[in-house]
Amino acid sequence: MSVGPLSQKIFARAKTLIPGGVNSPVRAFKNVDGDPFFVRRAKGSRIEDIDGKHYIDYIGSWGPNILGHAPIPVTNAIHEAAKDGISYGIPNLGEVEMAQKIIDWVPSVEKVRMTNSGTEATMSCVRLARGFTGRDKIIKFEGHYHGHVDSLLVSAGSGALTLGEPDSAGVPKSFAAETITLPYNQPEKLEEAFAQYGEQIAAVITESYPANAGLIFPRAGFLQLMRDLTRKHGALLIFDEVMTGFRLAKGGVQELEGFTADLVAMGKVIGGGLPVGAFGGRADIMDHLAPVGPVYQAGTLSGNPLAMVAGLTQLRELEHNNGFVHLDQLGAHFEQGLTSVLSAKGIPHRLNRVGSMFCLYFLDEEIVNVETVQKQDFDVFKKLFWGCLEEGIYLAPSLYETGFISMAHSIEDLDETIEVIEKVVSKW
Ligand code: PMP
């Protein structure tokens, strides 16, 4: 199956102008052996493509659109704020209000700085951890994606995993040599790494719930082991909550797990769909940043007034509408419906879900790390993806991505999706 004729025509043109025709690799549909559609407009849970076809969307701009597409309070707030100026490069009140909101909501954040993307947030956390500890080595986990930061693009997830290029060309070997990559959920490997390099390790960085190789959960005690070993060896623990922060709970996975990191990288939902990231943590660490400290970090558009207002409005809407509880209810409804349909058909599967994040695996065993994820039959996923797209359901075009439900999804949307999946799998 392919997308509509206008999308095909424009994609052909895009490929002559933009590498691969896209501004971010996963959008190219390479993992499902096809070409993407082009969007015309999106509202609520729905997207319309330029050929006029409608889809129920389970990507939500890869996470930020937790209220759905173009929520009126957010579009109004952006419109009003733009009248007073689009960017100043001068301190504005929105930055202070956003900082206050993040500090109020997120455990362990005593001071915070805004960036323009999740990549900048994780990159800045790593630099700050190195500057603070005076050490160079970083531990990361296989299949965890932290943006396209040189030293973190080693055995990464998401697009890097999709394209089979875990180590990007252009990353000097000497940079990658400072990154120790370990399999996830294997405590003995973490212990060994600290036993061998303990004195040299600046930080452990982990996705709070890994969501770039599907959706994987930490086994009991694994997060605590990271916490204990980093403390014992004078290293920092960096929690990457770019995906999970403000999506699962006010305080993200730290709140869910009753856990505190030293530094937290954030993004996606806090920007309300505009380009935003943030990083924060213990005040004594954060005060190593310029202009007070020696670690340099900056941004022409960081703390942009439209982005602050869009993000703050989105967070307030979530709070006022009891968002995290409602999203979990929608997620539970979807999980129950979908698993009963697949079980009735005798299709081996695992649906990993937390709140409004989900990933369907065609494999019936505990998903522990990337190795387990890669055991499944990718052709089956491709059939599901194209079958759903044809019927107007837009799932992520890669088995390695997590799906998102938004506040704009109705029970009817979810039921329609389950019916479509049932129809698609019945043809197998
Ligand atoms: N960390 C995680 C966990 C992510 O999922 C992503 C992006 N999907 C990033 C960092 C990078 O964020 P951005 O794409 O905004 O640079």
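Helices here are DSSP runs of H or I with at least four residues, numbered from the N terminus. The structure is a predicted model, in which local features need pLDDT of at least 70, side-chain atom pairs count only at pLDDT 80 or more, and totals for chains, interfaces and linings use all residues. Residues are numbered from 1 along each chain as its sequence is written.

The axes of H14 (residues 378-390) and H15 come within 9 Å and cross at roughly 125°. Such axes are lines fitted to C-alpha atoms, for helices over the stretch in contact, and angles run from 0 to 180 degrees between N-to-C directions. H14 passes H15 in a right-handed crossing, meaning that the near helix is turned clockwise from the far one by less than a right angle. Leu384, Gly387 and Cys388 of H14 meet Val420, Ile421 and Val424 of H15, where contact requires C-beta atoms, placed from the backbone, to lie within 7 Å. This contact has five nonpolar residues, one polar and no charged ones; Ala, Val, Leu, Ile, Met, Phe, Trp, Tyr, Cys and Pro count as nonpolar, Asp, Glu, Lys and Arg as charged, and the others, Gly among them, as polar.

H15 (residues 411-426) also holds Thr417. Thr417 counts as buried because 25 C-beta neighbours lie inside 10 Å; the cut-off for buried is 20 or more, while 12 or fewer makes a residue exposed and values in between partly exposed. Apart from neighbours within four places in sequence, Thr417 is in contact with Ile56 and Ile393.

Turning to helix H2 (residues 72-82), the buried residues are Val74, Ala77 and Ala81. These residues sit on the same side of H2, because they cover an arc of only 65° around the axis, taken from the directions from the helix axis to the C-beta atoms. The face turned away from that buried side carries the exposed residues Ile72, Asn76, His79, Glu80 and Ala82.

Helix H11 (305-320) is included in what covers the buried residues of H2. H2 and H11 pack with axes 9 Å apart at an angle of about 150°, so H2 is roughly antiparallel to H11. The contact involves Pro73, Val74, Ala77, Ile78, Ala81 and Ala82 of H2, together with Pro305, Leu306, Val309, Ala310, Thr313, Gln314 and Glu317 of H11. By class, 10 of the residues in this contact are nonpolar, two are polar and one is charged.

Conventions
Helices (H or I, at least four residues) and strands (E, at least two) are DSSP runs, numbered from the N terminus. Two residues are in contact if their C-beta atoms, placed from the backbone, lie within 7 Å. Angles under 35 degrees count as roughly parallel, over 145 as roughly antiparallel, 65 to 115 as roughly perpendicular and the rest as oblique.
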